Amino acid sequence: MLKTFLNKLSRKSKLDSEGDSSRSTASPRGVSGRSHRQHGGGGGGSSAAAKRASASAVFPASMVSGIEPLVPFNDVPNSEKMNLFVSKLSLCCVTFDFSDPGKNIVEKDLKRRTLFELVDFVSCGGSMKFSEHAILAMCKMFAINLFRVFPPNYRANGGVSENDDDELMFDPAWPHLQIVYELMVTFISSSCLDAKVAKKYIDHSFISKLLDLFESDDPRERDCLKTILHRVYGKFMVHRPFIRKSMSNIFYQFVFETEKHNGIAELLEVFGSVISGFALPLKEEHKIFLWRVLIPLHKPKSMDLYFQPLSYCITLFIEKETKLASIVINGLLKYWPVTNSQKEVMFLGELEEILDVINMVEFQRVMVPLFLRIGCCINSLHFQVAERALYLWNNDHIVNLIAHNRQVILPIIFPALDSNVHSHWNPAVMNLTHNVRKMFLEIDEKLYISCHSHFKEDEAILSAEAEKRKEAWKQLERAASLKPVTGNTAVLVSPLMT
């Protein structure tokens, strides 16, 4: 197995850049010493010399920048550490099959230890700046180890069992990938990394492939990617518009095409930190993102998987610019899940967060359609929906808004309150309804009595119309019974004067 591993490295060495070849023939002090030991000169048989001789036989000089990858960083002078760094990165470019734990055990352990060395070196880099060649080698190593195409998620296309959504998929290569991700976070966060040089290699193509990894089934990988994307967004200002646009495209595809993506929650968490850094006044581009991306994200059935970061992003926008509150509420009413009680409860929770920061002017713009919908929720036979709607009156700011606009709001929701008191099946809902009615009665008794009398009048009118319709149908039935159907002969019923 070790021989196969070395053969892979040998094949990779033939593809190294000209810069690598030139450095390998430059015969630095580490290389000349190593060559002398290889040819039997002055080694003295010490354990360190034996280890270097063994490493030299395993990793030829033509392969990795003229430095033995197994040599510790402390054993080479500072001038050679960056070359050794590149050598170790080249060693880590060999990939393995982690689906078989018993395969390539020695080689996997060697790579794991090398990755830990690289993490320690990058985190304790001091004042040594990464050379352009080192940055290129690092990005190449990341690409080889991380960028991959995921197999189709068959569970999403038909389901193997009813509980598939609760089953988490874990990548068998994660113990290895985790070290690579740790190295990537440390590298991008390092003060030794010059963003002006690194942006040539951490480019649009690199970022696009990084975003593709958010499709991973493994939540641990998506969590690491979230941290990395946040660091990339913070360090490479030149790439920020592209990152926002690429994330928007992922959201568009999810909402309007597939409704399948594993990383929506993580991407929204990243965007939450992005929104918090928006300057005021908000650009039109950001408002379009709110209207065309964040609000339509309430439509998919799987909204519960990313509801918290979505609600957080919406609230951040409204805190930045309160005029957006009415736009968001109209959007929620547009996508209101009339037939999905679980989503209705979430919508009502988000609605309370928005109303908690809305001002009076924006509230008055949407209060009529808003309380028509809240009235329907109060009347819901699903007790959780009705309870959540009635809990809005526990918020002091919302009660203040309602009290100042009671002349409009109370006539809208009074029928729902009265219906609950007399006919709702759930005792808790009935008690909450009584409390809301009592609150309105204390705020404005005269208005409450007026609404009650108007409601009774409307109820009497509706009852009379219902009786009229019932009588009309009875007359039609009597007329039809006098002219029974014979064969295929149509029955003609004369219009009855009432």
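Reader: Among contacts between residues at least 6 apart in sequence, what share joins residues at least 24 apart?

Author: Welcome! Keep in mind that this is a predicted model. Counting contacts in the protein between residues at least 6 apart in sequence, the share that joins residues at least 24 apart is 71%.

Reader: How many helices and how many strands does the protein have?

Author: The protein has 498 residues, and 44% of them count as buried. As for its elements, there are 0 strands, and the number of helices is 23.

Reader: Why are the buried residues of α14 on the same side of the helix?

Author: Helix α14 spans residues 284–294, and its buried residues are His286, Phe289, Leu290, Val293 and Leu294. They lie on the same side of α14 because the arc they cover around the axis is only 110°.

Reader: Which helices do those buried residues of α14 pack against?

Author: Leu294 is one of the buried residues of α14. Together, the buried residues of this helix pack against α12, α13, α15 and α16.

Reader: Is Val408 buried or partly exposed?

Author: Val408 sits in helix α21. With Val368 and Leu372, Val408 makes a nonpolar surface patch of about 220 Å². Its relative accessible area is 35%, so Val408 is partly exposed.

Note on methods: Residues numbered from 1 in each chain as written. Predicted model: local features only at pLDDT ≥ 70, side-chain atom pairs only at ≥ 80, totals over all residues. Heavy atoms only, no water. Buried < 20%, exposed > 50% of the residue type's maximum accessible area, 1.4 Å probe, protein only. Helix = DSSP H or I, 4+ residues; strand = E, 2+ residues; numbered from the N terminus. Arc of directions from axis to C-beta. Contact = heavy atoms within 4.5 Å. Patch = residues over 30% accessible without salt bridge, like charges linked within 9 Å, V, L, I, M, F, W, Y side chains within 5 Å. Areas by Shrake-Rupley, 256 points an atom, 1.4 Å probe, with all protein chains shown as cover. Salt bridge = Lys/Arg side-chain N within 4 Å of Asp/Glu carboxyl O.
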